Every structure is written in structure tokens, then in C-alpha cells.
Amino acid sequence: MSGGQPAKLRIFSLNCWGIRYLSQHCVQRYEMIGELLSREEHDLALLQEVWSEKDFLFLKKTLASTHPHSHYFKSGVIGSGLAVFSRHRIHDAFLYRFSLNGYPYMLHHGDWFGGKAVGMVIVNICGLSAHVYVTHLHAEYCREKDGYLPHRVVQAWELQQFVRHTSRGADVVILGGDLNMHPQDLGNRLVRAYTGLRDCYTDTDKFDGCDEGVTLIADNPFTNKKELIPFEKGIRIDYILFKGSKTVRVKCESLTTTKGSFPGKPFPFSDHEALSAELLVERTQEAQDNEGTQDGYSPDALPELVDTVTEARMELKVGLHLARRMRHTAGRTGAMGLVLLLLELAIAAVPWLALGTEQPFPRASFYLLGALCLAVLLTALPLYAFHTAQVKALQGAEDQMSLAAGSLQEALRGRATTAGQQGELNSRATPGPLDPEE
């Protein structure tokens, strides 16, 4: 590819909203998605919320001629919902499941039952090694009172760690998916600053889609309008991010999104808009300075990154305080249930210990109270275990961020010292004004 024309790489990303028997027109929409991908022939299609393996197999059969290589990432109770279809052979695949993903008792949200994760595939394109990631983070159900924000920050932290540590040696890195975060949200800034990934929407000169690149719009008939009340135009939470390497330059030539209902179709592909990016990939002879350090981030971004990590630590501390309170509440409730249950057993033993003594309580009330105490105990125990695991996950992520913040601050001080020494050398090397001859 050296000295020749840049290679074109077309990427497609869509949250399919594929909840069988719950999502509207699910079967018909999968047929529309398969038809679109067959016609457009993208190099890679990164799909989210493909919750049913039957739907994945349908797409796999439909795309057998255009995208012969595919992988479905299995995780959690109902799966991760992540799938990749590729025109190029997939040489390796790996899945990392996020340590935190909502609460099991929030049944109406359901995120906990889906194994939210990040999936990676490695493909070879024109002699270049491309590490491609697809992900779906926890949803934001209420922006003003977002009880899931600490979970989403942990997911963003683990996402950037996974991308950084698994993309070393890659020529091209691509991340696509539903991040459920606005462009300037904390987790989004954390991912982009740490990995050095660039946003197709902000880095392209040619864009065709919804205003401001929003991917959840009010004009979509499947969208819950109440969730968009503060945002009249919609929100941008779906992304295609990319970067090259020291010897490979990557540029986003164009980005397009769907705009609600698709021409000639009775309804949209999903409640989210689809993204389609065209990347230009070119091998260069000279090392590129704009791809950051080996760790991914640019040295110029150190001050911003230190502030972002510090902000993330503060958010996790708030989440950690709440998690400890919830664990304490579950523990107290379980202890109360255990004490009442033991009291019930003691009362039940009275007739056996004192012969001839009758049971002081009616049998029906006695058994009902005992069953209630047992139910409280059996409910509180798993909740206590869950919140204990949540505390450990939040504490672990905060400890990691503490180490990272210390390392970044040391690098920042070292950079300032080096700059000061360089300035002093320059001032010494510069000759002073000559004294006039007497």
C-alpha cells in the first residue's frame, strides 16, 4: 500500500433494538437491515442489541455472500447483544464483560440481564492489522438523577483500558457502538482522551445526517419522546471512533446517518439512527506524531487527562458512598429477618420444652409471620452479596484511577521540568547585547 492510493474502509454501526416480542416490527426491521447491508457492502458492520441468536443467524444467512465472516459475542443471561459482520476474515475474537452493569432488581430497565461488554475482532485489511471493537454501555434513563452514572464511568474506564492494552501493535483501531453518553460526558472524555481515538463526526469534512449528528431523534416513531424533552433536536450517543498508528495514517473522509424513516420503507431500521463512515487508510514512510504515545494519549492532553481522571475519581467516590449505604441497608434488613426467624423458632419450641403448654399464637398467623421472615432473609442475603461486589468493583476502579492519576501527574511534572531546563539552555545559548566600545 506504500506509495499507492489510500485504501477505503467503510464502517457501519447500529443499535438494532432487537428485543424479540417487545420491540416493534422486530422481524421486519431485521429484514430491512439485512437488505441494507447486502446492498451497501460495508467492510465491517458493528451491531448492538441483537439480543436473540436467531436474529443473528438470520443476518448471517442473509449476508453470507457479502459478509462471509461474522462473530456473535455471548455473555450474560440474555447475551451481550453484540455482533460483527465482516468482508474480511476474522482472525481472532475476544470479549470483555464489564464488572458493573446496573441492578438486578431494576427489572423495568433490564440492563443487568444483558451482559454489557466490549467485543474485539482482529482482521487483516490490505496487509494491515485492524483491531475492531464493538460495545454497548449502560443506558441513561434520567439525566438529572442518574443513578447509573458511577456504573457507566466504570464501564468507560474498563473500555479504555481494554482498548489500550489490546490494541498495541495494531495498524488501525476502530471502535463503534452505543456509548449512551453525550460527546462531552465524563465517560466519553475519559475514553477518547486516554485512547487517542478520534470521533468521525468531529474529524470529517463531509457529513450527511441529522443536525449536530444526533442519533436519537424525536422524529423517529420508535423513540420515547419523554427522554428527549430537554433536547429538542435529539442526542448523540452512538459513535464510530478511530485512530491509526505511527506508520499508518487514517482519515475520516465522510460520515452519514439515517434520518428517521428510511425512504421507501414503512418505518425506520431502529429507534437509533445508523452510522456509516468511510475511512481512508494509508501507510506512510515517516512516523506520525499525532497518534499519541504508546499508551494512546497525546502528551499535549496530559493536563486535561489529569482533570478528567480526577473528576472520574470523585464520581466513583459518590457511587461508592451510595453502594455502601445500600449494602448496610441490606445487611440490617437481613439481620432483622434472621432475628425474627430465630424468635419464631424459639416460640415454636415452647410446647416441646414445656409439656402441656399450648401454642400462644394462632397457627395461621404464626406460619405466615415465619414465611415473611424467611422471605426477608432470603431476599436480603443476595442483595447484600450484590452490593458487596458492587463496592469492591467501585473501590477497585477508584484505586486504579488513583494510580493512573499519580502517574499522569508525575509525567506532567517531568514535562514541566524538561521544558524549564530547555528554556534555561536556550537562554544561555543566546548571546547578550554587546557593550558599546568606549
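User: How much space lies in the largest cavity?
Analyst: Please note that this is a predicted model. In this model, the largest cavity holds about 60 Å³ of space.

User: How many cavities of 30 Å³ or more does the structure hold?
Analyst: The structure holds 1 cavity of 30 Å³ or more.

User: Which residues line the largest cavity?
Analyst: Its lining is formed by Ala7, Lys8, Leu9, Ile125, Cys126, Leu128, Ala130, Val172 and Val281. Two elements, β1 (7–18) and β7 (128–136), each give two or more residues to this lining. The largest share, 3 residues, comes from β1.

User: And by class, what is in the lining of that cavity?
Analyst: There are 8 nonpolar residues, no polar ones and 1 charged residue in the lining of the largest cavity.

User: How do the lining residues of the largest pocket divide?
Analyst: They divide into 15 nonpolar, 11 polar and 11 charged residues.

User: Let us change topic to helices. What describes two packed helices?
Analyst: One gives the angle between their axes and the distance between those axes.

User: At what angle do α3 and α4 pack?
Analyst: Helix α3 (residues 149–166) and helix α4 (residues 186–195) pack at about 15°, and their axes are 9 Å apart. An angle under 35 degrees counts as roughly parallel, so α3 and α4 are roughly parallel to each other. The crossing of α3 past α4 is right-handed.

User: Which residues make that contact?
Analyst: From α3 the contact involves Val153, Ala156, Trp157, Leu159, Gln160, Val163 and Arg164, while α4 supplies Leu186, Gly187, Leu190, Val191, Tyr194 and Thr195. By class, the contact has 9 nonpolar, 3 polar and 1 charged residues.

User: What about α1 and α2: at roughly what angle do they cross?
Analyst: Helix α1 (residues 26–40) and helix α2 (residues 53–62) cross at roughly 30°, with axes that come within 10 Å. These two helices are therefore roughly parallel to each other, and α1 passes α2 in a right-handed crossing.

User: Which residues meet there?
Analyst: Cys26, Tyr30, Glu31, Gly34 and Ser38 of α1 meet Asp55, Phe58, Leu59 and Thr62 of α2. The contact of α1 with α2 has 4 nonpolar, 3 polar and 2 charged residues.

Technical notes: Residues are numbered from 1 along each chain as its sequence is written. This is a predicted model: local features need pLDDT of at least 70, side-chain atom pairs count only at pLDDT 80 or more; totals for chains, interfaces and linings use all residues. Side-chain values use heavy atoms; hydrogens and water are left out. Axes are lines fitted to C-alpha atoms, for helices over the stretch in contact, and angles run from 0 to 180 degrees between N-to-C directions. Helices (H or I, at least four residues) and strands (E, at least two) are DSSP runs, numbered from the N terminus. Angles under 35 degrees count as roughly parallel, over 145 as roughly antiparallel, 65 to 115 as roughly perpendicular and the rest as oblique. A crossing is left-handed if the near helix is turned anticlockwise from the far one by less than a right angle, and right-handed if clockwise. Contact means heavy atoms within 4.5 Å. Ala, Val, Leu, Ile, Met, Phe, Trp, Tyr, Cys and Pro count as nonpolar, Asp, Glu, Lys and Arg as charged, and the others, Gly among them, as polar. On a 1 Å grid over the protein atoms alone, a cavity is a set of points where a 1.4 Å probe fits but cannot get out, and a pocket is an open set with protein on both sides within 12 Å along at least five of seven lines; lining residues have an atom within 4 Å of a point. Grid points are joined across faces, edges and corners, and a volume is the space filled by probe spheres set on the points.
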